[in-house]
Amino acid sequence: MSVLEAVAGRRSIRAFLDKPVPRSLLEQALAAAQFSPSGYNFQPWEAVVLSGAPMRDLSAKMLAAPPQEPAEYQLVPKGIGDRYKARRDETVGHRMDAIGVARDDLAGREAFARNNFRFYGAPAVLLTFIPRVMGPPQWSDVGMWLQSVMLALHGLGLGSCALESLYVHGRLIKDFAGIPDESHVFFCGMAIGWPDPAAPINAFPRTRAPLDEVVRFAGFD
Ligand SMILES: Cc1cc2nc3c(=O)[nH]c(=O)nc-3n(C[C@H](O)[C@H](O)[C@H](O)COP(=O)(O)O)c2cc1C
(Lines give C-alpha, C1' and ligand atoms only; values in the text may rest on other atoms or scores of the structure.)
Protein backbone atom coordinates (compact mmCIF):
# COMPACT_ATOMS: atom_id res chain seq x y z
CA MET A 1 0.00 0.00 0.00
CA SER A 2 1.46 3.40 -0.95
CA VAL A 3 1.32 6.34 1.43
CA LEU A 4 -1.27 8.02 -0.81
CA GLU A 5 -3.39 4.87 -0.81
CA ALA A 6 -3.11 4.57 2.96
CA VAL A 7 -4.11 8.18 3.60
CA ALA A 8 -7.04 8.14 1.18
CA GLY A 9 -8.08 4.54 1.94
CA ARG A 10 -8.33 4.70 5.73
CA ARG A 11 -11.85 5.11 6.98
CA SER A 12 -13.48 4.94 10.37
CA ILE A 13 -14.47 1.39 11.23
CA ARG A 14 -17.55 0.87 13.41
CA ALA A 15 -18.06 -2.90 13.20
CA PHE A 16 -15.38 -5.47 14.03
CA LEU A 17 -14.81 -9.20 13.71
CA ASP A 18 -14.91 -11.22 16.94
CA LYS A 19 -11.16 -11.79 16.84
CA PRO A 20 -8.53 -10.50 19.30
CA VAL A 21 -5.76 -8.11 18.35
CA PRO A 22 -2.30 -9.25 19.48
CA ARG A 23 -0.56 -6.74 21.75
CA SER A 24 2.56 -7.08 19.52
CA LEU A 25 0.67 -5.57 16.54
CA LEU A 26 -0.54 -2.64 18.64
CA GLU A 27 3.01 -2.09 19.88
CA GLN A 28 4.25 -2.14 16.28
CA ALA A 29 1.75 0.55 15.23
CA LEU A 30 2.37 2.67 18.32
CA ALA A 31 6.15 2.42 17.96
CA ALA A 32 5.89 3.69 14.37
CA ALA A 33 3.53 6.48 15.46
CA GLN A 34 6.15 7.66 17.96
CA PHE A 35 7.82 9.22 14.91
CA SER A 36 4.89 11.61 14.43
CA PRO A 37 6.00 15.22 14.23
CA SER A 38 5.31 17.63 17.10
CA GLY A 39 6.31 21.22 17.81
CA TYR A 40 9.65 21.24 19.69
CA ASN A 41 9.38 17.45 19.61
CA PHE A 42 7.23 17.73 22.75
CA GLN A 43 5.40 14.46 21.89
CA PRO A 44 2.52 15.60 24.15
CA TRP A 45 0.41 12.45 23.66
CA GLU A 46 -0.18 9.90 26.43
CA ALA A 47 -2.26 6.77 26.11
CA VAL A 48 -3.60 3.70 27.85
CA VAL A 49 -4.59 0.64 25.79
CA LEU A 50 -7.19 -1.79 27.10
CA SER A 51 -8.54 -5.15 26.02
CA GLY A 52 -10.45 -8.01 27.63
CA ALA A 53 -11.84 -7.64 31.16
CA PRO A 54 -10.61 -4.08 31.91
CA MET A 55 -12.09 -2.86 28.64
CA ARG A 56 -15.46 -4.48 29.35
CA ASP A 57 -15.38 -3.09 32.88
CA LEU A 58 -14.78 0.47 31.64
CA SER A 59 -17.53 0.11 29.06
CA ALA A 60 -20.04 -1.03 31.73
CA LYS A 61 -19.07 1.84 34.01
CA MET A 62 -19.56 4.41 31.24
CA LEU A 63 -22.89 2.95 30.14
CA ALA A 64 -24.14 3.21 33.74
CA ALA A 65 -22.89 6.74 34.43
CA PRO A 66 -24.50 10.12 33.66
CA PRO A 67 -22.47 12.56 31.55
CA GLN A 68 -20.02 14.51 33.70
CA GLU A 69 -20.53 18.16 34.69
CA PRO A 70 -18.77 20.36 33.77
CA ALA A 71 -17.76 18.92 30.40
CA GLU A 72 -14.16 17.74 29.95
CA TYR A 73 -13.78 20.28 27.12
CA GLN A 74 -16.06 21.98 24.62
CA LEU A 75 -16.58 19.41 21.88
CA VAL A 76 -18.51 21.50 19.36
CA PRO A 77 -17.78 25.22 19.32
CA LYS A 78 -20.72 27.62 19.58
CA GLY A 79 -21.76 29.30 16.33
CA ILE A 80 -20.06 26.81 13.99
CA GLY A 81 -22.30 27.94 11.11
CA ASP A 82 -23.98 26.15 8.24
CA ARG A 83 -20.89 24.83 6.46
CA TYR A 84 -19.82 22.62 9.35
CA LYS A 85 -23.35 21.70 10.38
CA ALA A 86 -23.99 20.49 6.83
CA ARG A 87 -20.85 18.32 6.86
CA ARG A 88 -21.82 16.81 10.23
CA ASP A 89 -25.42 16.18 9.19
CA GLU A 90 -24.28 14.53 5.96
CA THR A 91 -21.96 12.03 7.62
CA VAL A 92 -24.37 11.25 10.46
CA GLY A 93 -27.11 10.80 7.82
CA HIS A 94 -24.92 8.32 5.92
CA ARG A 95 -24.34 6.38 9.13
CA MET A 96 -28.08 6.19 9.83
CA ASP A 97 -28.81 5.08 6.26
CA ALA A 98 -26.19 2.34 6.62
CA ILE A 99 -27.80 0.89 9.75
CA GLY A 100 -31.36 1.34 8.42
CA VAL A 101 -32.43 3.98 10.94
CA ALA A 102 -34.51 6.90 9.64
CA ARG A 103 -32.60 10.17 9.81
CA ASP A 104 -35.33 11.77 11.97
CA ASP A 105 -35.56 8.78 14.35
CA LEU A 106 -33.82 10.41 17.31
CA ALA A 107 -34.30 7.40 19.63
CA GLY A 108 -32.74 5.06 17.03
CA ARG A 109 -29.92 7.50 16.54
CA GLU A 110 -29.23 7.72 20.28
CA ALA A 111 -29.37 3.93 20.65
CA PHE A 112 -26.71 3.61 17.96
CA ALA A 113 -24.62 6.36 19.59
CA ARG A 114 -24.50 4.28 22.79
CA ASN A 115 -22.26 1.91 20.81
CA ASN A 116 -19.50 4.50 21.18
CA PHE A 117 -19.35 3.45 24.84
CA ARG A 118 -19.08 -0.20 23.76
CA PHE A 119 -16.20 0.84 21.50
CA TYR A 120 -18.34 -0.43 18.61
CA GLY A 121 -17.58 -3.99 19.74
CA ALA A 122 -13.83 -3.65 19.10
CA PRO A 123 -11.46 -6.02 20.92
CA ALA A 124 -9.16 -3.15 21.99
CA VAL A 125 -9.45 0.51 22.86
CA LEU A 126 -6.82 3.20 23.11
CA LEU A 127 -7.48 6.11 25.47
CA THR A 128 -5.65 9.38 24.84
CA PHE A 129 -4.77 12.02 27.41
CA ILE A 130 -3.12 15.43 27.11
CA PRO A 131 -1.30 17.26 29.92
CA ARG A 132 -3.46 20.24 30.96
CA VAL A 133 -0.53 22.60 30.52
CA MET A 134 -0.66 22.03 26.75
CA GLY A 135 -2.51 24.39 24.39
CA PRO A 136 -3.96 24.33 20.84
CA PRO A 137 -0.60 23.72 19.07
CA GLN A 138 0.03 20.64 21.19
CA TRP A 139 -3.56 19.39 20.75
CA SER A 140 -2.81 19.54 17.06
CA ASP A 141 0.33 17.45 17.69
CA VAL A 142 -1.83 14.85 19.42
CA GLY A 143 -4.14 14.88 16.39
CA MET A 144 -1.19 14.11 14.13
CA TRP A 145 -0.16 11.27 16.39
CA LEU A 146 -3.70 9.87 16.32
CA GLN A 147 -3.65 9.94 12.53
CA SER A 148 -0.26 8.20 12.53
CA VAL A 149 -1.67 5.51 14.81
CA MET A 150 -4.72 5.05 12.57
CA LEU A 151 -2.61 4.87 9.41
CA ALA A 152 -0.15 2.43 10.97
CA LEU A 153 -3.07 0.24 12.08
CA HIS A 154 -4.56 0.48 8.58
CA GLY A 155 -1.22 -0.63 7.15
CA LEU A 156 -1.37 -3.71 9.38
CA GLY A 157 -4.90 -4.52 8.18
CA LEU A 158 -6.53 -3.26 11.36
CA GLY A 159 -9.44 -0.82 11.52
CA SER A 160 -10.01 2.00 13.95
CA CYS A 161 -12.46 4.70 14.93
CA ALA A 162 -11.48 7.71 17.02
CA LEU A 163 -14.01 8.26 19.81
CA GLU A 164 -14.21 11.77 21.17
CA SER A 165 -17.79 11.08 22.29
CA LEU A 166 -16.22 9.35 25.32
CA TYR A 167 -15.32 12.84 26.56
CA VAL A 168 -18.62 12.90 28.49
CA HIS A 169 -16.94 10.41 30.84
CA GLY A 170 -13.46 11.95 30.84
CA ARG A 171 -13.07 11.99 34.62
CA LEU A 172 -14.44 8.46 35.00
CA ILE A 173 -11.93 7.27 32.38
CA LYS A 174 -9.04 9.03 34.09
CA ASP A 175 -10.05 7.61 37.44
CA PHE A 176 -10.24 4.12 35.88
CA ALA A 177 -6.86 4.50 34.15
CA GLY A 178 -5.08 6.05 37.14
CA ILE A 179 -4.47 9.37 35.35
CA PRO A 180 -4.77 12.45 37.62
CA ASP A 181 -7.59 14.80 36.70
CA GLU A 182 -5.59 17.79 38.01
CA SER A 183 -2.82 17.28 35.47
CA HIS A 184 -4.51 15.75 32.41
CA VAL A 185 -7.44 16.18 30.03
CA PHE A 186 -8.99 13.11 28.47
CA PHE A 187 -9.16 13.77 24.73
CA CYS A 188 -10.54 10.72 22.94
CA GLY A 189 -10.66 6.98 22.67
CA MET A 190 -9.98 4.82 19.65
CA ALA A 191 -11.74 1.54 18.91
CA ILE A 192 -9.28 -0.89 17.31
CA GLY A 193 -9.87 -4.28 15.71
CA TRP A 194 -10.27 -6.31 12.55
CA PRO A 195 -12.82 -4.62 10.25
CA ASP A 196 -16.00 -6.57 9.52
CA PRO A 197 -16.01 -6.52 5.70
CA ALA A 198 -19.73 -7.38 5.54
CA ALA A 199 -20.98 -4.52 7.74
CA PRO A 200 -22.74 -1.70 5.82
CA ILE A 201 -21.62 0.75 8.57
CA ASN A 202 -18.06 0.21 7.30
CA ALA A 203 -18.99 0.85 3.69
CA PHE A 204 -21.15 3.99 3.38
CA PRO A 205 -19.89 6.75 1.05
CA ARG A 206 -17.32 9.11 2.53
CA THR A 207 -17.54 12.63 1.23
CA ARG A 208 -15.09 15.50 1.42
CA ALA A 209 -15.15 19.15 0.43
CA PRO A 210 -13.62 19.76 -2.99
CA LEU A 211 -9.99 20.83 -2.75
CA ASP A 212 -10.66 24.34 -4.09
CA GLU A 213 -13.05 24.97 -1.19
CA VAL A 214 -10.26 24.56 1.36
CA VAL A 215 -6.95 25.28 -0.40
CA ARG A 216 -5.82 28.23 -2.50
CA PHE A 217 -2.70 28.17 -4.65
CA ALA A 218 -0.76 31.19 -5.85
CA GLY A 219 2.32 31.71 -8.01
CA PHE A 220 2.21 28.46 -9.97
CA ASP A 221 1.20 29.93 -13.39
C1 LIG B 1 -10.65 13.21 16.97
C2 LIG B 1 -11.78 12.42 16.35
C3 LIG B 1 -12.82 12.00 17.14
C4 LIG B 1 -13.87 11.25 16.60
N5 LIG B 1 -14.86 10.81 17.43
C6 LIG B 1 -15.81 9.97 16.94
C7 LIG B 1 -16.79 9.40 17.81
O8 LIG B 1 -16.86 9.71 19.00
N9 LIG B 1 -17.65 8.50 17.29
C10 LIG B 1 -17.64 8.14 15.98
O11 LIG B 1 -18.45 7.30 15.57
N12 LIG B 1 -16.74 8.69 15.12
C13 LIG B 1 -15.83 9.57 15.57
N14 LIG B 1 -14.87 10.10 14.73
C15 LIG B 1 -14.86 9.69 13.33
C16 LIG B 1 -15.35 10.81 12.41
O17 LIG B 1 -16.75 10.85 12.43
C18 LIG B 1 -14.80 10.51 11.00
O19 LIG B 1 -13.41 10.60 11.02
C20 LIG B 1 -15.35 11.45 9.94
O21 LIG B 1 -16.76 11.33 9.82
C22 LIG B 1 -14.72 11.15 8.59
O23 LIG B 1 -14.94 9.80 8.23
P24 LIG B 1 -13.76 8.76 7.98
O25 LIG B 1 -12.89 8.72 9.20
O26 LIG B 1 -14.44 7.45 7.75
O27 LIG B 1 -12.98 9.21 6.78
C28 LIG B 1 -13.86 10.90 15.23
C29 LIG B 1 -12.79 11.35 14.43
C30 LIG B 1 -11.78 12.10 14.98
C31 LIG B 1 -10.64 12.54 14.09
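Reader: Which residues make up the aromatic cluster that holds Tyr73?

Author: Keep in mind that this is a predicted model, where local features need pLDDT of at least 70, side-chain atom pairs count only at pLDDT 80 or more, and totals for chains, interfaces and linings use all residues. Residues are numbered from 1 along each chain as its sequence is written, and side-chain values use heavy atoms, with hydrogens and water left out. Rings of Phe, Tyr and Trp (its six-membered ring) pair if their centres lie within 6.5 Å; planes under 30 degrees apart are stacked, over 60 edge-to-face, and the rest tilted. The one cluster here is Tyr73, Trp139, Tyr167 and Phe187.

Reader: What kind of pair do tyrosine 73 and tryptophan 139 form?

Author: The structure holds 9 aromatic pairs. In the pair of tyrosine 73 and tryptophan 139, the centres are 5.6 Å apart. With 75 degrees between the planes, the pair is edge-to-face.

Reader: How many residues apart in sequence are the parts that this pair ties together?

Author: Helices (H or I, at least four residues) and strands (E, at least two) are DSSP runs, numbered from the N terminus. Tyrosine 73 lies in the loop between α3 (52–64) and α4 (82–99), while tryptophan 139 is in helix α6, so the parts tied together are 66 residues apart.

Reader: Is tyrosine 73 buried or exposed?

Author: Buried means under 20% relative accessible area, exposed over 50%, partly exposed in between (1.4 Å probe, protein chains only). Tryptophan 139, at 24%, counts as partly exposed. Tyrosine 73 has 15% relative accessibility, so the label is buried.

Reader: What span does helix α6 reach from its first C-alpha to its last?

Author: Helix α6 covers residues 136–155, 20 residues in total.

Reader: Which ring does the charged end of arginine 11 sit over?

Author: A charge sits over a ring if NZ of Lys or CZ of Arg is within 6 Å of the ring centre and within 35 degrees of the ring normal. Lysine 19 lies over the face of tryptophan 194, at 4.4 Å from the ring centre. For arginine 11 the distance is 4.9 Å, and the ring is that of phenylalanine 204.

Reader: How many disulfides are there?

Author: A disulfide is a pair of cysteine sulfur atoms within 2.5 Å. The sulfur of cysteine 188 is 9.6 Å from the closest cysteine sulfur, in cysteine 161, so that is too far for a bond. Cysteine 161 is buried at 3%, and cysteine 188 is buried at 2%. The count comes to 0.

Key:
The expected span of a helix is 1.5 Å times one less than its number of residues.
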